[in-house]
Structures are given as C-alpha cells and as structure tokens.
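Colleague: I am new to reading protein models. Could you take me through one, feature by feature?

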Amino acid sequence: MSATTALLTDHYELTMLQAALARGTAGRRSVFEVFARRLPGGRRYGVVGGTGRLLDAIERFSFDDDALVFLEQQNVVDGATLAWLSDYRFSGDVWGYGEGETYFPNSPLLVVESTFAEAVVLETLALSVLNFDSAVATAASRMTTAAGARPCIEMGSRRTHEQAAVAAARAAYIAGFTTTSNLEAGRTYGVPTAGTSAHSFTLLHDTERDAFTAQVDSLGKGTTLLVDTYDVDEAVRLGVEIAGPELGAVRLDSGDLLSLATEVRALLDSLGARDTRIVVTSDLDEHAIAALAAAPVDAYGVGTRLVTGSGSPTAGMVYKLVAREDDDGTMVSVEKKSPDKISHGGRKFALRRRNRRGVAEAEVVGVGRQPVDDGNDRPLLIPLVRGGETIGREPLTSARERHERSRAELPPTALQLSRGEPAIPTRWEDRS
C-alpha cells in the first residue's frame with residue numbers, strides 16, 4: 001500500500017477541483033472550518049481527538065505516481081488537473097482546538113486557510129480522522145469519569161478495523177485510559193501496553209492448576225489470572241495457593257460482576273491476599289462502570305463499547321467553507337442557508353468563558369476582532385500549520401494533560417452520564 005494519504009478521500013473532492021481549475025476560481029483564498037452542529041447521543045461535552053494523526057496525514061498528502069496513474073486510468077479527472085495534483089503540497093495555515101480539549105456545538109475545531117484548491121481536497125481526510133478519534137475520545141472520557149481513580153484498560157482491538165484499533169487506543173489514552181492491549185499503538189504512539197492471558201491459555205492445559213502454574217512461572221507472582229473459565233471460587237483459591245498472597249490480580253470476564261466481585265474480594269481477603277486486585281471486563285461501558293462504583297473493583301478493561309464510541313461511533317463533524325475571496329480581493333463570509341443545517345459564516349475566534357472560580361460558563365464563538373482576555377476568557381484556537389509547515393505537533397502526554405485540565409474546568413453537570421443538553425451554551429458574538 002502506498003504511504004501517501006492522498007487517495008483517502010472522496011471522488012467528488014477532485015471533480016470539484018477540476019471544475020474550479022477550469023473556471024479560474026481554484027486559487028481563491030478560502031477558509032474552511034470543522035465543527036459539529038450538535039453533540040451525539042445527548043452528551044454533555046465532546047473531546048477533540050486525532051489532531052496529531054491529522055497533522056501527520058496532511059504531511060503525507062501528496063499524489064505519487066501510483067495515485068496519478070490510478071486517477072488517469074479511472075478517468076477521475078482530466079490531464080490539467082492531474083498535472084496540478086502532481087505538484088500538490090499543502091502550503092496554507094491551520095488552527096485548531098488542542099487535542100484533548102473539550103468542545104461543544106458549533107465550536108470551530110479546525111480552521112483551514114489556503115486556496116480553495118489546496119483546502120477542499122483535505123475535507124474527507126480531516127473528517128475521517130477527527131470524527132472517529134473524537135468519538136472514541138469522548139466515550140473514553142465518560143468512562144474514565146465514571147471510573148474515578150480506578151484505571152481503565154483499552155482492549156478493543158479485536159472489535160474494529162485493525163488500523164482503527166491503533167487510533168482508538170491512542171484516543172482512549174488521551175482521555176485518561178492508562179494502558180492498551182494494542183502493541184502497534186505502543187510502538188507508534190508510545191501508549192503503555194499490558195496483557196496476560198485469555199481463556200484459551202487455560203483451556204490449552206490439562207488442568208487449571210497447570211495453566212496457572214505455567215503463567216506464574218513465566219510472568220511472576222504479580223501477574224493477573226483469569227479465574228472464570230470454570231469455577232470462580234476454586235480458581236481464586238488455586239491462584240492464591242500457587243502464587244501466594246503476592247498474586248497481582250484476578251480477572252472476572254463474565255457473570256454478575258457486582259456480586260461476583262464482592263464475593264471474590266471477601267474470598268481473597270480470607271486467604272490473606274488482601275493486596276490482590278480485581279480487574280473486571282465483559283462488554284463494559286460508562287454506565288456499567290458507574291454501576292460498579294460501589295463494588296470492590298480495582299480496574300476496568302473496556303473493548304467493544306469504547307472502539308465504537310459507546311453508541312455514537314462518529315462525532316458528526318462537518319467541513320464547511322465559511323469565507324472566501326471576492327473578485328476584488330476582499331474576504332467575504334459564506335454560509336449554508338438550509339434551515340435544518342444552519343451554520344455561521346466568517347473566520348472564527350473561540351474562547352472558553354469562565355467565572356471567577358474558574359468554572360466554564362460558555363463557549364464564545366464569533367467573527368471579527370477577538371475580545372481582549374480579561375482573565376476569564378481562555379483562547380481555544382492554537383496554530384497547527386503555518387505556511388505548510390507543521391508547528392503544532394506535541395507529545396501525546398500533552399494532549400492527555402490538556403484533557404484533564406479542560407474536563408476539570410467544566411461545571412458538575414458535564415459529568416452526568418444521562419442524556420441532556422450541553423454542559424455550557426455556545427454564544428455567538430459578531431465583532432466585525
């Protein structure tokens with residue numbers, strides 16, 4: 001497979017380009033914006049994910065010989081457009097919300113300024129990355145909120161596309177997950193990895209004692225034993241017998257986790273394994289995690305519900321032209337007028353307005369001169385690309401820390417898991 005990301009796009013991006021080149025409008029200065037008209041699933045806030053991945057993808061967005069041959073053979077565009085694409089490199093500017101930042105309806109999450117031609121072809125790529133990663137990051141944030149101080153482990157690789165699994169692990173880590181089972185996410189992004197054994201390992205051996213002994217001998221007494229292959233009570237007793245009170249953890253992957261965890265905790269304590277932790281898995285989501293808050297659980301492993309956005313597999317973001325150059329060279333605002341898909345034209349600024357206690361009160365979005373910060377308005381747009389050069393790349397830990405700070409400044413209603421309105425309103429200001 002080619003290393004270029006240029007064909008990770010829709011056919012009509014290039015046919016628009018061809019028509020604009022022929023018309024002479026392709027070189028008009030333009031401003032595109034990524035935003036979501038609403039938060040999916042009645043959620044109280046969203047989380048920006050995928051910014052770092054998008055910056056990498058934009059750098060690799062060029063049309064190599066294989067891509068150009070494909071476009072020519074399929075008659076996607078004409079010769080003049082192929083010639084233009086052969087020299088394509090994005091040379092414009094990009095601003096955006098920092099990765100890990102919380103967002104709300106109509107937040108201008110990404111602002112792309114360039115010629116129409118250079119910017120329009122990035123639409124599908126930007127939305128593909130941001131919609132998936134933000135959906136996972138938002139679900140992950142709700143899960144880590146429900147988990148409190150208890151760690152969450154990402155383990156959804158087998159429930160999604162193999163490349164999506166890597167992106168999901170990265171997005172989950174930004175939103176507070178501590179480790180992932182996915183080794184490629186560890187290699188590519190530095191996400192800490194962890195894992196021990198599945199039921200197949202126990203079933204491979206003649207007895208559960210043989211399986212546990214093999215695992216402890218190989219991985220040490222601090223390992224995590226999966227104890228629900230046969231009889232949980234017997235497995236816990238056997239695990240402590242083999243590893244002693246130094247047994248690291250036991251994992252429960254089925255049954256009534258609330259009552260089972262309570263019973264296992266009591267049994268472990270009675271056997272002297274008071275420091276042995278209990279890890280629970282089995283189709284968890286934020287609601288199931290919240291329901292286990294009173295249970296003696298030490299960690300949660302989450303898979304399917306995480307990588308599918310816990311019921312909202314896309315963030316519903318769109319990429320819209322909001323301003324473009326007029327014939328006289330001035331920039332004019334443009335916007336779609338459809339009543340059910342309202343948008344605001346113009347190059348935006350965005351601020352998080354907070355009260356004197358530092359609690360967020362509103363998302364302030366507008367056009368024109370950005371208000372002077374009085375100490376309560378936190379600017380949200382940061383430079384990511386300038387003149388085609390990436391300047392906003394940052395360590396993944398920075399995005400993780402940003403998310404923690406951003407979520408902490410939201411009002412308490414933001415942390416409710418029930419369906420509801422956004423935690424803070426989006427207020428429009430026109431300062432043009």
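Predicted model: local features only at pLDDT ≥ 70, side-chain atom pairs only at ≥ 80, totals over all residues.

Colleague: How many bridges pair strand 1 with strand 12?

Modeller: Seven bridges pair strand 1 (residues 29-36) with strand 12 (residues 317-325), in the antiparallel sense. Look for Ala36: opposite this residue stands Met317 in strand 12.

Colleague: And what joins strand 12 to strand 13?

Modeller: Three bridges do, and the two strands run antiparallel. Ala323 has Ser333 in strand 13 as its bridge partner. Strand 13 covers residues 331-333.

Colleague: What do strand 12 and strand 13 form, and how many residues lie between them?

Modeller: They form a hairpin, with five residues between the two strands. Find Gly329 in the turn: this glycine has a positive phi of about 95°.

Colleague: Now the other part of the order. How many bridges join strand 3 to strand 17?

Modeller: Four bridges join strand 3 (residues 93-97) to strand 17 (residues 381-386), and the two run antiparallel. Gly96 is the bridge partner of Ile382 in strand 17.

Colleague: What is the bridge partner of Ile153 in strand 11?

Modeller: Gly301 is that partner. Strand 6 (residues 152-154) and strand 11 (residues 299-302) run parallel and are joined by three bridges.

Colleague: On to helix pairs. What describes two packed helices?

Modeller: Two values do: the angle between the axes and the distance between the axes. Take helix 10 (residues 208-219) and helix 11 (residues 232-243): they pack at about 40°, with axes 10 Å apart. Helix 10 is therefore oblique to helix 11. Their crossing is right-handed.

Colleague: Which residues of helix 10 and helix 11 meet?

Modeller: From helix 10 come Glu208, Arg209, Phe212, Thr213 and Val216. From helix 11 come Ala235, Leu238, Gly239, Glu241, Ile242 and Ala243. By class, that contact has six nonpolar, two polar and three charged residues.

Colleague: At what angle do helix 7 and helix 15 pack?

Modeller: Helix 7 (residues 162-174) and helix 15 (residues 396-408) pack at about 50°, and their axes are 8 Å apart. The two helices are therefore oblique to each other. Arg170, Tyr173 and Ile174 in helix 7 meet Leu396, Thr397, Ala399, Arg400 and His403 in helix 15. Sorted by class, this contact has four nonpolar, two polar and two charged residues.

Colleague: Can we try a single residue? Where is Pro245 found?

Modeller: Pro245 is in the loop between helix 11 and strand 9 (249-252). Its relative accessible area is 43%, so Pro245 is partly exposed.

Colleague: Leaving aside neighbours within four places in sequence, which residues is Pro245 in contact with?

Modeller: Gly272, Ala273 and Thr276 are in contact with Pro245. Now compare sequence with space. Pro245 and Arg274 are 29 residues apart along the chain, and their C-alpha atoms are separated by 7.3 Å.

Colleague: Last, the whole chain. How many helices and strands are there?

Modeller: The protein chain has 15 helices and 19 strands. Of its 432 residues, 52% are buried. Along the principal axes, the C-alpha atoms fill a box of roughly 85 × 60 × 35 Å. Among contacts with a separation of 6 or more, 74% join residues 24 or more positions apart.

Notes:
Residues numbered from 1 in each chain as written. Heavy atoms only, no water. Axes fitted to C-alpha atoms, helices over the stretch in contact; angles between N-to-C directions. Parallel < 35°, antiparallel > 145°, perpendicular 65-115°, else oblique. Contact = heavy atoms within 4.5 Å. Nonpolar A, V, L, I, M, F, W, Y, C, P; charged D, E, K, R; others polar. Pairing = 2+ DSSP bridges. Left-handed = near helix turned anticlockwise from the far one by under 90°. Buried < 20%, exposed > 50% of the residue type's maximum accessible area, 1.4 Å probe, protein only.
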